[in-house]
Amino acid sequence: MQSNHPICFSGVFIFDTNGEIVFSHRFKTVESRIKDPSLKIPSNQELSNFFKTNVLPRASSTTIQFSFPITTESESPVSDSVGQDRLQLVVLAVKNFYLAVVPLIESESSPTRPYIEISGAYSFLSFLDTISKATLRSLSGNSPPSAFAPFRQLLNQALPFGSPVIHDPYFMSTIVTNGDLRRFSGGYQTVANSPIPSWKISLLFPRPQLDLKIREVIIGHIDKNIQRFDVFGELRCVASIPYLPDITASLTNLDKISSVASHFCLKSLENDQIVFSPPTGITQLLTWRAAVNEEPPVKGTYKIFEDEHGLAFVLTISCKTPVKKVTVHLPFPGRGGFVKPQFQSPGGQLKMSRKEATVMWITKIGENNSQTLTGTLNFEVKTRPPGSGKYCAYVNFHSKKKTFSGLSLDKESITFSSSSNVNVTTDISYATENKKYIFWETPAA
């Protein structure tokens with residue numbers, strides 16, 4: 001996102017299953033900021049026609065993103081260039097309805113920095129679905145406009161001027177309409193029943209805490225000389241801070257990630273800095289895909305030779321960076337139990353399941369080092385079952401010191417808005433792990 005303003009929306013709409021608008025709420029304060037007439041939201045009739053033409057035919061997906069054409073003079077738009085225009089309708093399918101918002105997008109996107117307002121709109125729609133389930137459960141497309149009054153009241157509380165001011169579903173569920181300010185406790189239970197001065201927040205809230213966790217997951221497979229892998233990451237926030245202050249933090253190596261998506265509480269992502277106002281509890285602030293131009297962090301070979309005397313294998317694993325622990329599972333499905341397995345003094349720890357014919361090897365590997373496990377196995381079932389395919393080794397590893405992409409947070413750069421006046425304990429942690437990282441069998445020479 002190239003602007004410093006919070007994520008905001010020009011309008012919120014509810015469509016029925018026939019594509020008709022049953023509820024609309026436009027924010028004039030947001031629309032007044034749009035100078036380009038072609039980016040103004042079309043009329044409800046134009047929106048309904050667009051929805052029938054472009055959304056309903058693709059309604060099998062749970063969440064659908066569409067964009068309006070730049071020219072909206074026609075009542076039946078025909079252009080559908082997703083991601084090309086800055087006037088976009090973001091849709092979430094829920095029971096009986098489609099929730100939709102139009103986010104304000106004031107700048108162009110790039111291949112590495114797509115419209116981050118779109119991902120913020122997706123997370124806001126999920127939030128809106130959570131807080132409105134009880135309100136919309138009993139409604140249908142035939143309900144009168146007055147039946148949607150409670151939903152409009154929810155919007156006025158969570159989204160009063162087009163920008164979300166409440167990000168916490170539990171907090172939202174505790175707000176009442178009788179003006180009882182003691183309910184405004186950020187989702188926390190109050191300690192005293194009597195009113196407490198606002199400056200004595202220690203009596204009203206638990207200790208303010210902010211935990212930021214950067215986690216990357218590596219998925220890949222190695223088959224002979226073919227090495228393919230992908231790296232996906234997330235920045236997760238665990239917060240218990242009253243009054244939702246604006247928090248600024250600096251990220252390093254931000255240029256090594258792409259396909260960035262965000263939570264709607266993220267207000268800015270530019271100049272290697274993020275500004276966000278975290279809700280209570282666990283929030284996925286950012287997700288991304290890391291560049292994989294380098295070699296995989298763990299590679300190796302899994303060679304197998306099988307004849308009437310048994311199955312002999314050689315598994316070699318090498319690590320580019322030091323890994324605290326590597327766990328390898330070698331399953332042999334459909335072969336029954338082991339019969340007199342033999343291994344040649346492997347390093348680390350070796351375990352076997354005789355009933356399922358699975359070998360587990362746990363070892364440590366230093367940087368740019370390798371280890372080899374060799375063995376000869378016999379099974380109750382002498383030959384492979386028909387159609388069993390190739391054997392494979394499932395490799396699990398993790399590191400808690402850094403991420404694969406090198407993305408990190410500068411703890412000293414984390415600052416809180418001066419108006420919050422809250423002393424917050426901050427902690428940062430890293431994790432790199434894998435999921436479905438496979439070495440495929442190759443025939444031994």
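Student: Which residues do ring pairs link into a cluster?

Tutor: A pair of aromatic rings is described by the distance of the centres and the angle of the planes. Rings of Phe, Tyr and Trp (its six-membered ring) pair if their centres lie within 6.5 Å; planes under 30 degrees apart count as stacked, over 60 as edge-to-face and the rest as tilted. Here the cluster consists of Phe9, Phe124, Phe127 and Phe264, linked by ring pairs. Before we continue, note that this is a predicted model, in which local features need pLDDT of at least 70, side-chain atom pairs count only at pLDDT 80 or more, and totals for chains, interfaces and linings use all residues. Residues are numbered from 1 along each chain as its sequence is written, and side-chain values use heavy atoms, with hydrogens and water left out.

Student: How many aromatic pairs are found in the whole structure?

Tutor: The search finds 18 aromatic pairs. One of them joins Phe97 and Phe148 edge-to-face, at 6.0 Å centre to centre and 75° between the planes. Phe97 belongs to strand β5 and Phe148 to the loop between α3 and α4, 51 residues apart. Helices (H or I, at least four residues) and strands (E, at least two) are DSSP runs, numbered from the N terminus.

Student: Is Phe148 buried or exposed?

Tutor: Buried means under 20% relative accessible area, exposed over 50%, partly exposed in between (1.4 Å probe, protein chains only). Phe148 has a relative accessible area of 1%, so it counts as buried. Phe97 is buried as well, at 1% relative accessibility. Another pair, Phe338 with Phe379, is tilted, with 5.6 Å between centres and 35° between the planes. Both Phe338 and Phe379 are buried.

Student: Which residues of helix α4 are buried?

Tutor: An α-helix has 3.6 residues a turn, so residues three or four places apart point the same way. In α4 (residues 149-158), the buried residues are Phe151, Leu154, Leu155 and Ala158. They line one face of the helix, because they fall within an arc of 100° seen down its axis; the arc is that of the directions from the helix axis to the C-beta atoms.

Student: What does Arg152 contact beyond its neighbours within four places in sequence?

Tutor: Contact means heavy atoms within 4.5 Å. Arg152, also in helix α4, is in contact with Phe23, Ser24 and His25. Its side chain makes a polar contact with the side chain of His25 (2.9 Å). A polar contact is a pair of N or O atoms within 3.5 Å; within protein, one must be able to donate a hydrogen and the other to accept it, and residues adjacent in sequence count only if both atoms are side-chain atoms. At 32% relative accessibility, Arg152 is partly exposed.

Student: In what order do the 4 strands of the open sheet stand?

Tutor: Strands of a sheet pair through backbone hydrogen bonds, either parallel or antiparallel. Two strands pair if DSSP finds at least two bridges between them. In this sheet the order is β10-β11-β8-β21, with antiparallel pairing. β10 and β21 stand at the edges with a single partner strand each, so one side of each has no neighbour in the sheet.

Student: How many bridges join β8 to β21?

Tutor: There are 5 bridges between these antiparallel strands, and Thr252 has Ser408 in β21 as its bridge partner. Strand β8 is also joined to β11 by 4 bridges, with Ala249 opposite Ile274.
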